[in-house]
Amino acid sequence: MPPLTIRARFPLGMFQGHLEDGSPSRLPDTARLYSALINAAGNGTAADPIKGQLRISSESAAALNWLEHHPPTELMVPEYVPAYSSVTSYRDEGTLEKPPKSNAPRIKKSGRTVSTATALAGPVGWFWDEAPSHVHETIGRLCGDVSCLGESDTPVVLTIEPIETTHKLISEPSELHPRGISVRTPAPGRLDELERAWEREHPTKFPTKANDKARQTERTSGSPIPRAALQVLQYEVPTRPVSPDPWPFAFAIPVERALRPEEVVDWCVATHRMLVSRMGDSAPASVTGAFPRGVRNPANRVAIQYVPSSFMADRHGTGPSADEFSNGALMILLPAGLEPADQAQILRALDAPTLRVWMRTQSGSGQDLKLGSPSLIGLHDFWPEVRSGWRRTWRSARGLVPETRRQNDHPDLGRWGFEEAALLSLFHVFRDHLPDLPRRDYWAMVQAVTDKSLAVRVLSTHRISDSRVDRYVHKAPKAIGAVQPYSAEFELGHLVGNRALISLGQSRHLGGGLLVPVDTPEES
């Protein structure tokens with residue numbers, strides 16, 4: 001059975017709700033979501049008309065009962081802060097009151113200071129590992145009928161789009177030592193409990209005229225909401241294992257036109273500048289590359305690559321279909337071990353109604369490129385599977401740039417050339433999974449990556465004769481000397497999965513060094 005996800009997007013960026021004791025509820029919990037779905041089932045397009053009233057259909061009741069017995073296994077919780085204000089809102093209560101100096105009753109109005117809202121940095125989400133198809137279909141229809149989540153001044157848009165979870169259900173919680181966050185969740189019998197309370201508030205027998213006439217002073221009536229069928233579950237941020245892939249995920253962004261190969265690096269650099277500009281002074285080192293002194297830089301940081309539409313059409317991995325990327329995509333590659341706060345900050349920087357990238361060309365004129373909405377995709381299975389009887393190698397799509405100058409000859413390994421430069425680039429990308437070696441012992445790094453257990457080989461290299469080296473790299477250290485781009489073909493063996501998207505070389509973080517698969521029959 002496929003997983004079920006519910007994404008709650010708040011157009012105003014605010015959530016407001018209260019708990020039973022009147023204190024503010026900082027986040028919409030599962031119990032509140034469930035109540036909103038019940039309201040949609042009884043008053044929306046999926047309700048059944050019975051004796052002049054709308055009631056919950058049997059299909060909706062079955063889906064809601066399934067949710068009672070299956071709490072979400074994971075949640076998506078954005079960053080949030082309390083939003084304090086001194087705004088007072090007034091509303092008619094629909095009851096009468098008698099003013100102190102008048103005999104004529106008037107409609108009672110109540111005022112409340114709106115100071116208990118929560119500002120959300122993104123959507124909230126719920127995830128179930130698997131759900132029957134009828135639950136998928138029914139919950140999807142009910143989500144379309146939910147207008148608010150929390151109080152009436154908290155509009156929401158519920159969809160069943162994929163989410164990126166941040167918290168996982170604790171299977172064995174401790175009451176003495178709770179950890180994570182506590183979330184109110186419906187338990188079996190919650191639907192029946194709320195239906196009985198609704199029937200008590202809506203008796204079939206109408207009141208008499210005497211009992212229903214207006215009085216000079218009235219009070220709002222209502223029964224307490226039953227809470228016997230609610231449970232509190234605990235969710236925590238899981239400790240995620242470090243992925244063997246250099247960049248396990250990426251934000252794929254559609255572009256309004258296809259990019260020419262010679263302008264890819266320039267547009268990736270312009271996109272990086274746009275990203276840093278939108279983040280401001282709080283841009284993390286994983287994006288800027290400016291790590292504090294004394295801190296060992298990670299093997300890889302956030303990278304930006306352009307993937308043409310022809311490559312997007314070949315992908316069969318997770319995420320949106322290739323039809324959304326008819327002109328290719330700018331990919332914001334997220335490195336393994338990236339802090340969740342950094343990833344959330346990147347997503348906020350990309351969250352804009354209209355996003356454009358601007359750059360100045362060699363002639364001095366300006367160009368801009370309109371970007372679409374980002375989608376989070378997995379890169380572990382980006383490329384299609386290798387067909388049976390075929391063999392996969394890898395070639396550089398737009399050229400590689402060496403990461404160091406030519407080294408002195410080795411007594412056993414010979415002269416330093418493009419092959420050694422390519423192997424060194426492989427070591428730099430995968431160094432977190434290879435032996436820890438001295439920083440500048442480049443020959444040892446080449447030997448480490450060519451260990452027989454890894455089955456890594458450089459099949460061929462070719463010099464690229466092009467004086468416009470800016471087409472292949474944005475900046476290079478002066479110690480490298482003259483920059484000489486080259487192409488290469490690899491067998492990556494056991495170093496990485498045969499469907500992962502990776503890039504190599506000096507320019508791997510800004511548009512260069514992308515590797516693409518080359519499949520050939522084993523007989524050849």
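Guide: Let's begin with a term: angles under 35 degrees count as roughly parallel, over 145 as roughly antiparallel, 65 to 115 as roughly perpendicular and the rest as oblique. This is a predicted model, where local features need pLDDT of at least 70 and side-chain atom pairs count only at pLDDT 80 or more, while totals for chains, interfaces and linings use all residues. Residues are numbered from 1 along each chain as its sequence is written, and side-chain values use heavy atoms, with hydrogens and water left out.
Visitor: OK, at what angle do α1 and α3 cross?
Guide: Helix α1 (residues 30-43) and helix α3 (residues 133-144) cross at roughly 85°, and their axes come within 9 Å. The two are therefore roughly perpendicular to each other. Helices here are DSSP runs of H or I with at least four residues, strands are E runs of at least two, and both are numbered from the N terminus. Axes are lines fitted to C-alpha atoms, for helices over the stretch in contact, with angles from 0 to 180 degrees between N-to-C directions.
Visitor: Which residues make the contact?
Guide: Leu37, Ala40 and Ala41 from α1, with Ile139, Leu142 and Cys143 from α3. Contact means heavy atoms within 4.5 Å.
Visitor: New topic: how many aromatic pairs are there?
Guide: The count is five. Rings of Phe, Tyr and Trp (its six-membered ring) pair if their centres lie within 6.5 Å; planes under 30 degrees apart are stacked, over 60 edge-to-face and the rest tilted. Phe10 and Phe15 form an edge-to-face pair, 6.1 Å centre to centre with 70° between the planes.
Visitor: Is Phe15 buried or exposed?
Guide: Phe15 is buried, at 0% relative accessibility, and Phe10 is buried too, at 8%. Buried means under 20% relative accessible area, exposed over 50% and partly exposed in between, using a 1.4 Å probe and protein chains only.
Visitor: And what about Trp416 and Trp443?
Guide: They pair edge-to-face as well, at 5.1 Å centre to centre and 90° between the planes. This pair links distant parts of the chain, 27 residues apart: Trp416 is in the loop between β21 (390-396) and α10 (418-430), and Trp443 is in helix α11 (residues 442-449). Both Trp416 and Trp443 are buried.
Visitor: Last one: where is Ala270, and what is it in contact with?
Guide: Ala270 is in helix α6 (residues 264-279) and is buried, with a relative accessible area of 5%. Leaving aside neighbours within four places in sequence, Ala270 is in contact with Val357, Trp358 and Met359.
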